[in-house]
Amino acid sequence: MASQSATDAHTQAVAALKAQEAALRYDHAALSNMSSDEERANTIFTRLRDAEVTSQWAKDGDLTNFAGMDFYGARKNGLGSPSEVWNAVRRMPKGALLHCHFDGTVDTKFLLEHAKKTKKMAMKADVRLSTADALWKATVEFLVLPEGAERSTKSIYTEEYVPGEWVSFEEARESFPYPHPYEMDGTDAEHHMPNFVSTSAPNGRLNGDKAPSNVAQDKGQAFDAYAHALMTLTPHQALPAITNSKQAWAKFQSTFGVIAGLIGYEPTLKAYTKELLRSHARDGISYTETRINFLTDFMVRADGTPNLDHSEWVRIFIEAVNEVKADFTDGSFVDAKIIYTTVRFIDNEKLRWYLEDCIMLKKLYPEWIVGFDLVGHEDPLLPLKVYIPELLRFQQRCKEEGLSIPFVFHAGETLEDGADADLNLYDAILLDTKRIGHGVSLARHPLLTDMVKEKDICIEICPISNQILGYTASICSHPSLLALLNRNVPVALSSDDPSIFENFGLSYDFYQLIISSQSTSLMSLATLARRSIRYTLVDDKTKEIMFADWDRRWNEFIAWFLKEYGHVLKQ
Ligand SMILES: O=c1[nH]cnc2c1ncn2[C@@H]1O[C@H](CO)[C@@H](O)[C@H]1O
């Protein structure tokens, strides 16, 4: 047996090594400079977290659940219901959300509520919805039609319906002939609290409107559950389980087609933008840089005419943001900006058109367009290398015009090693990308990882999205998240498409990290939240305002937390 002194020396060496590693971490500075209140809060939070891991995520004998498990499993196991850690995470100020796709952000139930109030809303399917089976195989679309436009009077649920013809949304909704489609294991789709504050009666009618009969109401609710299932990835009894990334992407892509017609209507677009800011504010997010997909040319005007162009989308976005800002009279910071995106299946000629369109919008609204990105499924779609000539030309054009439109590229959202999607990281970095969307494969590249750190490029990691779309089994095995964080490579946690995954806001992604990692503490989350502000694409003066606002809200949060949980230290 070794002597006591040899054992002691080993223990000391381990402690020294641990301290050395801790000093490399992103949260080191915050942990070294805590106020006494922060120190107390941090200790309490860790205790609450450890207790919650045991009580909620490591139940004796239950081999199916664990801390940081897959998102939908975790939801079934109570993630999102009140708990000490959840309540605190939900309440803490989270700074900026740097990666979310505009049309995948606000609760789809909000869109349905608006559709119900839109008389001209129509629906079509590519097959007759005359069997329950057809319901789930069909490609369904919605659209607001112009006044007097032809609509079929045949029921979409009968043999008489001609596939592809538009029918009334209201009629289709209120005559839905199938039983209520339930989520997962019989969980009622309606029981999840919608992530917005409803302004109308539960059936979507404004107060004072004639209430439909109970039967119509039941049918309407069953229809809503169906439409909700078409717009989300939430597992559903009627649908086969998704078992790989390809299947997940197929279902994921289909949701955008369903959402497009509901969102692409002037009044809804404006209400949606306002709700985006408000729902984020409720989750402690004060600023969002949202990626708007400009692939299609037009949305529908309030009067039903389908010619609302890109400059008007931006105008409506700005009006909505300004109205919400004016509503926040308590002085807290609320804002949002646009990253212009198009999809990476276009050819170079079309890309030039979009880049010029982006320049045009930037000139019209210089403060509002803050970056450019190419989106879509990286594995099968075109790599950045195909677009280099146009992307370099764009940089030159911006220089000539005196415009700053940095790239903020998606890159490395893949498990492939050395394939095009992985190699996108090289192109993105050399094209001076300001941030990288996802970077799932980045940590495998030692030189690129160093370069990203050196160039201060922030990686927008979306843990829940990455898990649902098949890039990791759970947050615990994420290919880059902890690897990058622990090397102090800048990372901003992001939600990606929260309305489709239903990981609204940032609380779910923050919770999954804190619950799954014992080296993560309250001060780590604070570091992530505060640091997200640094990587926004606004000017330094605005950043200073955001930092000051965050600091104030953080102090308020700590005071609340100690009042609520201060007793834990005395136990
Ligand atoms: O995680 C993602 N990676 C790449 N593209 C995405 C992701 N999430 C959404 N989109 C893309 O954004 C567009 C809608 O705005 C869709 O084309 C969708 O493919």
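View 1. What you're looking at is a prediction. The UniProt record, an unreviewed entry, puts "domain: Adenosine deaminase" at residues 243-545.

**View 2. The whole chain, for orientation.** Zoom out for a moment and you can count 22 helices and 11 strands. The radius of gyration comes to 25 Å, close to the 25 Å that the globule rule gives for 571 residues, so the chain is as compact as a globular protein of that length. Along the principal axes, the C-alpha atoms fill a box of roughly 90 × 60 × 50 Å. Buried residues account for 44% of the 571. Now take the contacts between residues at least 6 apart in sequence: 76% of them join residues at least 24 apart.

**View 3. Inside the largest nonpolar core.** This core holds 146 residues, and the ones with the most contacts inside it are Phe142, Tyr226, Ile459, Val491 and Tyr511. Helix H9 (residues 214-231) supplies the largest share of the core, 8 residues. Pick out Tyr511 and look at who sits around it: leaving aside residues up to four places away in sequence, Tyr511 touches Leu79, Val85, Trp86 and Val89.

**View 4. The shell around the ligand.** There are 14 residues around the ligand. Coming nearest are His101, Asp103, Asn293, Val375 and Gly376. Sort the shell by type and you get 3 nonpolar, 7 polar and 4 charged residues.

View 5. Leu425 sits in helix H15 (residues 420-430). Buried or exposed? The cut-off for buried is 20 or more other C-beta atoms within 10 Å. Leu425 has 27 within that distance, so it counts as buried. Skipping residues up to four places away in sequence, Leu425 touches Ala411, Gly412, Gly439, Ser441, Leu442, His445 and Leu448.

View 6. How far apart are Leu425 and Thr105, in sequence and in space? Along the sequence, 320 residues separate Leu425 from Thr105. In space, going C-alpha to C-alpha, the distance between Leu425 and Thr105 is 26 Å.

Notes: Residues are numbered from 1 along each chain as its sequence is written. This is a predicted model: local features need pLDDT of at least 70, side-chain atom pairs count only at pLDDT 80 or more; totals for chains, interfaces and linings use all residues. A nonpolar core is a set of buried Ala, Val, Leu, Ile, Met, Phe, Trp, Tyr and Cys residues joined through C-beta atoms within 7 Å. A residue is buried if 20 or more other C-beta atoms lie within 10 Å of its own, exposed if 12 or fewer, and partly exposed in between; C-beta atoms are placed from the backbone. Helices (H or I, at least four residues) and strands (E, at least two) are DSSP runs, numbered from the N terminus. Two residues are in contact if their C-beta atoms, placed from the backbone, lie within 7 Å. The radius of gyration is taken over C-alpha atoms; the globule rule is 2.2 Å times the number of residues to the power 0.38. A residue is near a molecule or strand if its C-beta atom, placed from the backbone, lies within 6 Å of it. Ala, Val, Leu, Ile, Met, Phe, Trp, Tyr, Cys and Pro count as nonpolar, Asp, Glu, Lys and Arg as charged, and the others, Gly among them, as polar. UniProt positions are given in the numbering used here, feature names are shortened, and annotations may be inferred rather than shown by experiment.
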